[in-house]
Amino acid sequence: MTIPAELLQRLAAAKSVTVLTGAGVSAESGVPTFRDAQTGLWAKFSPEELATPRAFRRNPRLVWEWYEWRRKLVAEARPNPAHLALAEMEKFFPRFHLITQNVDGLHQRAGSRRVIELHGNIMRTKCFDEGTLVSSWEDTGDVPPKCPACGGWLRPDVVWFEEPMPEAEMEQAATASATCDVFFSIGTSTVVYPAAALPSEALRSGAALVEINPQPTPFTAQAHFALAGAAGVVLPELMMALNALRRSRRVTTFDGPRP
Ligand code: BV8
């Protein structure tokens, strides 16, 4: 895919870039997206049916086991070229924010150092009743395991549907979306709110919206640049083109401390 010259120019002049990623960025690592049909044991459930407090209260074992299955899959997954390109992109701009809806931690494993996890992280566990993080517990054979402090159920440290968003992360994400020159929406169907409102925030503040997704989304028509391709293909090409531009124009690494 050829990266539009105008996009390269915008990026070469950009002082602040914000990226929002969704499950599509991890698709090439073998982590199923939410749009992918669930398979095997989980074929008859939709993620929206399982990722809620109600589902957990109704059948804690089922929900816990779904997350155990996903945790094992994520632990065996490796960051793909999309994650690696975004880790490189972080160093390219004076101000760069990476906001992710993903809970797999693959951005961090690819080397991204500052990641705003809007929906938590599947590799962390917390007490369902107290909300406190729990890093180890006795294997009593209970499924879900019990909180060592209060005896309540343990659960994954992710934001379920109809649960409130983490305030600090949401505030950081909203500010990063409202103060950037270029906003990338990558690998997300942009249907889950309030994350899906961030591209609108960026557009309202005058940022150029770049979408990278093989499929159209509700934002494709509003995007200044809609790159219809896989993130693992488009992002490495984008970084190669940006580096070539920098070499050709001897655009030095942006001076000034990264905030
Ligand atoms: C909230 C963590 C308010 C868990 C997730 C009633 C009450 C309260 C709220 C609501 C309500 N009714 C509706 C809502 C709002 C609700 C919502 O938006 N629902 C949707 C279904 C309409 N939102 C919430 O509930 C949020 N909380 O509003 O709180 C509140 C306030 C006070 C008190 C109480 C409540 C919380 C939402 C967070 C849910 N948690 N994940 C877990 O992972 O198990 S959401 C989860 O689904 C993801 O994190 C992500 O956000 C979303 C899936 O979206 P995507 O990441 O985009 O993935 P998807 O599969 O959809 O798309 C993949 C895309 O990639 C596709 O476009 C595909 O084309 C593309 N692709 C594929 N391959 C590639 C690719 N792209 C590039 N390269 C490739 N190779």
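Colleague: How far is the polar side-chain atom of histidine 119 from an oxygen atom of the ligand?
Modeller: They lie 2.7 Å apart. That is a polar contact, meaning a pair of N or O atoms within 3.5 Å; within protein, one must be able to donate a hydrogen and the other to accept it, and residues adjacent in sequence count only if both atoms are side-chain atoms. This is a predicted model, in which local features need pLDDT of at least 70 and side-chain atom pairs count only at pLDDT 80 or more, while totals for chains, interfaces and linings use all residues. Residues are numbered from 1 along each chain as its sequence is written, and side-chain values use heavy atoms, with hydrogens and water left out.

Colleague: Which atom of glutamate 162 is 2.6 Å from a ligand oxygen, side chain or backbone?
Modeller: A polar backbone atom of glutamate 162. Tyrosine 193 also uses a polar backbone atom, 2.8 Å from an oxygen of the ligand.

Colleague: How much of the ligand does the protein bury?
Modeller: The protein buries 75% of the 1,500 Å² that the ligand exposes when taken alone. Those areas come from the Shrake-Rupley method with a 1.4 Å probe; for residues, only the protein chains shown count as cover.

Colleague: Which elements give two or more residues to the shell around the ligand?
Modeller: Helix H2 (24-27) and helix H5 (60-76). Helices (H or I, at least four residues) and strands (E, at least two) are DSSP runs, numbered from the N terminus.

Colleague: And how many residues surround the ligand?
Modeller: There are 33, and the closest are Arg35, Tyr67, Arg70, Glu162 and Ser189.

Colleague: Is glutamate 162 buried or exposed?
Modeller: Exposed, because its relative accessibility is 66%. The cut-offs: buried is under 20% relative accessible area, exposed is over 50%, partly exposed is in between (1.4 Å probe, protein chains only).

Colleague: What about threonine 190, buried or exposed?
Modeller: Threonine 190 is buried, at 3% relative accessibility. Its phi is positive too, near 40 degrees. Threonine 190 lies in the loop between E6 and H9.

Colleague: Which peptide bonds are cis?
Modeller: One runs from valine 143 to proline 144, with omega near -5 degrees. Another runs from tyrosine 193 to proline 194, with omega near 0 degrees. Proline 144 is in the loop between strand E4 (120-127) and strand E5 (154-158). Proline 194 is in the loop between E6 and H9.

Colleague: Now H8. Which of its residues are buried?
Modeller: Met170, Ala173, Ala176 and Ser177. They sit on the same side of H8 because they cover an arc of only 130 degrees around the axis. The arc is that of the directions from the helix axis to the C-beta atoms. Glu167 and Glu171, on the other side, are exposed.

Colleague: What covers the buried residues of H8?
Modeller: The cover includes strand E1 (16-21), strand E2 (95-100), strand E3 (115-117), strand E6 (182-186) and helix H9 (198-204). Contact means heavy atoms within 4.5 Å.

Colleague: How far apart are the end C-alpha atoms of H10?
Modeller: They are 25 Å apart, which agrees with the 26 Å that its 18 residues (231-248) should span at 1.5 Å a residue. The expected span is 1.5 Å times one less than the number of residues. Its buried residues include Val234, Leu238 and Leu242. The buried residues of H10 pack against helix H1 (5-13), H2, helix H6 (81-90), E6, E7 and E8.

Colleague: Last one: what does the side chain of asparagine 213 reach?
Modeller: The backbone nitrogen of glutamine 215, at 2.9 Å. Asparagine 213 lies in the loop between strand E7 (208-212) and strand E8 (225-227). It counts as buried, at 13% relative accessibility. Leaving aside neighbours within four places in sequence, asparagine 213 contacts Gly187, Thr188, Leu227, Ala228 and Gly229.

Conventions:
Near = heavy atom within 4 Å.
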